[in-house]
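These are my notebook entries on one protein chain.

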Amino acid sequence: MSTEAVAFEASDLNVSARPEALTEPEKLLAAYFSSSTIGLCILDPNLRYLSINNALAEINGIPAPEHLGKTVRDILGDFADVAEPELRRVFLTGEPLVNLEGSAVLATRTGASHWVANSFPIKDAAGNVTRIAVVVVETTAQKRLEQSLKDVAGKLRKEMDRLQMLLDVSSIMASNWNLQQAFQQI
């Protein structure tokens with residue numbers, strides 16, 4: 001079995017370093033994820049990409065074949081400072097990583113990107129963690145929408161405050177035709 005990264009396409013949307021890197025259930029899982037917008041990869045104990053689908057490759061901004069054999073740090077740059085300790089914890093403890101939120105400006109992007117990542121161990125027959133699977137959902141569009149809604153809500157609050165002030169002034173003016181007294185109340 002060669003440890004050299006060689007492109008192997010299980011489908012047009014899934015790339016693996018070696019055909020033997022994926023067992024039959026993993027091939028089914030990879031086929032499922034290759035048809036969605038959810039990113040999937042399998043990493044070895046050195047956090048090198050053994051397999052990746054195009055969705056995750058697009059999130060990372062690097063073609064899938066260029067991931068193979070490279071480390072998480074090679075691909076994610078400084079964001080690896082956040083991701084690597086969490087991924088290593090999965091290898092060490094055998095416990096999954098659930099809903100790790102991340103934000104970073106990757107070298108291949110101009111603006112900040114946001115993700116939610118989950119990772120789970122892949123164990124051999126003896127129960128040893130030999131690889132981990134990582135599932136990534138990009139949430140950049142949702143984060144932008146949330147920020148846009150916050151901005152609109154802030155503008156609406158200011159406008160409502162302004163309108164309330166105008167209503168209060170109008171009420172004072174309507175109830176008192178004496179302008180001297182009205183201006184004192186205002």
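Entry 1, Leu 76. I began by noting that the model is predicted. I located Leu 76 in helix α4, which covers residues 72-76. Is Leu 76 buried or exposed? I found a relative accessible area of 14% for Leu 76; the cut-off for buried is under 20%, so Leu 76 counts as buried. I then looked up its contacts, setting aside neighbours within four places in sequence, and listed Tyr 49, Asn 60 and Leu 106. I also checked Ile 62, which lies 14 residues from Leu 76 along the chain; their C-alpha atoms are separated by 10.0 Å.

I counted seven helices and seven strands. From the N terminus, I read their order as β-β-α-β-β-α-α-α-α-β-β-β-α-α. Of the 186 residues, 37% are buried. The chain exposes about 11,300 Å², and carbon and sulfur atoms supply 58% of that area.

Which strands pair with β7? I found β3, residues 39-43, joined to β7 by five bridges in an antiparallel arrangement. In this pairing, Ile 42 stands opposite Ala 133. I also found β6, residues 113-123, antiparallel to β7 over nine bridges. Here Lys 123 stands opposite Val 129. β6 and β7 form a hairpin with five residues between them. In the turn, I recorded a positive phi of about 90° for Gly 127.

Key. Residues numbered from 1 in each chain as written. Predicted model: local features only at pLDDT ≥ 70, side-chain atom pairs only at ≥ 80, totals over all residues. Heavy atoms only, no water. Helix = DSSP H or I, 4+ residues; strand = E, 2+ residues; numbered from the N terminus. Buried < 20%, exposed > 50% of the residue type's maximum accessible area, 1.4 Å probe, protein only. Areas by Shrake-Rupley, 256 points an atom, 1.4 Å probe, with all protein chains shown as cover. Contact = heavy atoms within 4.5 Å. Pairing = 2+ DSSP bridges.
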